[in-house]
Amino acid sequence: YTGNFTFMQLAFGYVVGRILVAFFLLPAYFRGQCETVYAFLEKRFSRRMRLFAALVFQLTRLLATGVRLYATALPLALISGWSVPVAVLVFAALTLPYIFSGGLRSGVWVESVQAVVYLAGALAAVAVLYASGSDPFVRPEKWVFFSGGTTGGWRSFFTEPLHLVAGICGGALLTISSHGTDQLIVQKVLACRNLRDAQKAMIASGILADLQFLLFLFIGVWLFAFFNGQQFASPDAIFPQFIVAHLPAGITGLVLAAIFATGQSTLSATVTALASSTMLDLFPQHAHTSERRRIQIAQLFTLFWTVGIVAIAFLFTDSQNPVVVVALKLSSLVAGAVVGLYILGFLAVAEKAAFAGFMVSVVGVGLAAFFTPLAWTWYVPLGTVLALLTALAVTVFHKLISRGR
């Protein structure tokens, strides 16, 4: 609605990233029989590195999911007249029971049903927009798919987030982080019967994600035509406003169910991943207790992380930027450092050098994010390069010092 189809350049990078994960990271995970993705770091470096990576995952996932929960609660608040905090609480309360009642298998099946509802709601919205007679093709500038990123000279190449190079590089590395080093996704892939099935699932998910992006960008352009470019207080209020004010009875319920389905899917999958990572990575001693005791402890961790995500949703106040972009920015801040850490796991680099690379990457990207106009799609490539160069420099320096002695 507020842009055009150039977001697809980022989605193209997602496919590239998932292909790389499928053929480089997944074989290592299956060979090592890892119970969580961070167990790979323990095997390669040390227990401390596993703990550190797990904590980083938990913090960034907590922030990003809290922001997404806020977005999901917006339409509920519009319909009910409740405040957004009350809507957040109600939504979380409706999601908790089925998180408690099942494990990974039931979670995947529930998310599959939610995905069907989600796509059905999107197609229903397209049908209503088509019946309205509005013409999504009336504004040619909305149908731009590719950008070279040099409209304002080479400076814009690094300050514009959505152009071909930044999109593919940033999208690929961000996906390597989210789908190759993040327990949220990797826990499902490791549950596949074998490596080949996991690889097929990983690559297919990238193609389906691209089709999904294309569908919703198309809906955004059509909404722009439907509302004649009307300005809204928040980008995330546009679709809920259309649902509440312009959809017929029945269709309204279906589209709202679609929004709630994807929101519940994100929340339940995230909380499950956070609880399992906390249980297996931070408190492995509980693995030797009885199964009933392990389930009880996992449920306590589930409740703890749900409360944390709700708290982040309460604190979120940025209404001027689309929530999907805010969530991606938050994920990108440390994603490059994490990707660099896993790449270093395949190289002849000591733990101290890898840790130095990670810390320099996090600090460097943080400074770039707050004090420079660098586009957020460059955060992950920058972080990855900083981590690798720092670790290699420390390794070379250490060898030179050793030879001097």
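**One residue, then the chain**

A: Ala-353 sits in helix H14, residues 351-371. Helices here are DSSP runs of H or I with at least four residues, strands are E runs of at least two, and both are numbered from the N terminus. This is a predicted model: local features need pLDDT of at least 70, side-chain atom pairs count only at pLDDT 80 or more, and totals for chains, interfaces and linings use all residues. Residues are numbered from 1 along each chain as its sequence is written, and side-chain values use heavy atoms, with hydrogens and water left out.

Q: Is Ala-353 buried or exposed?
A: Ala-353 counts as buried because its relative accessibility is 4%. Buried means under 20% relative accessible area, exposed over 50%, partly exposed in between (1.4 Å probe, protein chains only).

Q: What does Ala-353 touch, leaving out residues up to four places away in sequence?
A: Ala-391, Val-394 and Thr-395. Contact means heavy atoms within 4.5 Å.

Q: Zooming out: how many helices and strands does the chain have?
A: The chain has 15 helices and zero strands.

Q: How much of the chain is buried?
A: 50% of the 405 residues.

Q: What share of the contacts with a separation of 6 or more comes from residues 24 or more positions apart?
A: 80% in this chain.

Q: What are the spans along the principal axes?
A: The C-alpha trace covers about 80 × 60 × 40 Å.
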